[in-house]
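Here is a briefing on one protein chain. Please look over the sequence and the model before reading on.

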Amino acid sequence: MYNILLYYFIFINLLGFILFTWDKYKSIKKQNRISEKRLLLLALIGGFIGQLISMILFNHKTRKTSFQIKLFLIVLLWIISIIIFLYFDFEY
């Protein structure tokens, strides 16, 4: 079960990194961009690590305070969820 979760998080974070980087590229080229709603949804389903790495590497969305607050809350939600999961030692 843990292998499946590991592969899922690797995939979803690679996708998060790629889409966040692609949005930065589209921003530079003045093209239609990926909506913040989609980027935040991807973070919510686990792609936040890849997005944070892309944010730091490419200085993307670093001035957008509202986006950063929402992303921070999603990261906080994930941290709390992981702590609860580990504390209660759920087994499947």
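Accessible areas here come from the Shrake-Rupley method with a 1.4 Å probe. By that method the protein chain exposes about 6900 Å². Carbon and sulfur atoms supply 71% of this area. The model is predicted.

**Overall layout**
- The protein chain has three helices and zero strands.
- Its pattern along the sequence reads α-α-α.
- The C-alpha trace spans about 50 × 25 × 20 Å along its principal axes.
- Of the 92 residues in the protein chain, 28% are buried.
- Among contacts with a separation of 6 or more, 67% join residues 24 or more positions apart.

**Helix 2**
- Helix 2 covers residues 36-58, 23 residues in total.
- Its end C-alpha atoms are only 17 Å apart, whereas a straight helix would reach 33 Å at 1.5 Å a residue.
- Helix 2 bends by about 120° at Gly47.
- Gly47 is also one of the buried residues of helix 2. Others include Gly46, Phe48 and Gly50.
- Helix 1 and helix 3 (65-88) are among what covers the buried residues of helix 2.
- Just after helix 2, Asn59 takes a positive phi of about 50°.

- In soluble globular proteins, nonpolar side chains tend to be buried together.
- The largest nonpolar core here has twelve residues, including Phe20, Ile34, Phe48, Leu71 and Trp78.
- Helix 2 and helix 3 are the elements that give two or more residues to this core.
- Leu71 is a member of the core. Neighbours within four places in sequence aside, Leu71 is in contact with Leu40, Ala43, Phe48, Gln51, Leu52 and Met55.

**His60 in its loop**
- His60 sits in the loop between helix 2 and helix 3.
- Is His60 buried or exposed? Its relative accessible area is 3%, so His60 counts as buried, the cut-off being under 20%.
- The His60 side chain makes a polar contact with the side chain of Asp23, at 2.7 Å.
- Leaving aside neighbours within four places in sequence, His60 is in contact with Phe20, Asp23, Lys24, Ser27, Arg33 and Met55.

**Leu15 and Gln51**
- Leu15 lies in helix 1 (residues 2-28).
- Leu15 has 30% relative accessibility, so it counts as partly exposed.
- Leu15 and Gln51 are 36 residues apart in sequence. Their C-alpha atoms are 8.7 Å apart in space.
- Gln51 is among the buried residues of helix 2.

Methods
Residues numbered from 1 in each chain as written. Predicted model: local features only at pLDDT ≥ 70, side-chain atom pairs only at ≥ 80, totals over all residues. Heavy atoms only, no water. Helix = DSSP H or I, 4+ residues; strand = E, 2+ residues; numbered from the N terminus. Buried < 20%, exposed > 50% of the residue type's maximum accessible area, 1.4 Å probe, protein only. Expected span 1.5 Å × (residues − 1). Bend = angle between axes of the 7 residues up to and from the residue. Contact = heavy atoms within 4.5 Å. Core = buried A, V, L, I, M, F, W, Y, C linked by side-chain atoms within 4.5 Å. Polar contact = N/O pair within 3.5 Å; in protein donor to acceptor, adjacent residues only side chain to side chain.
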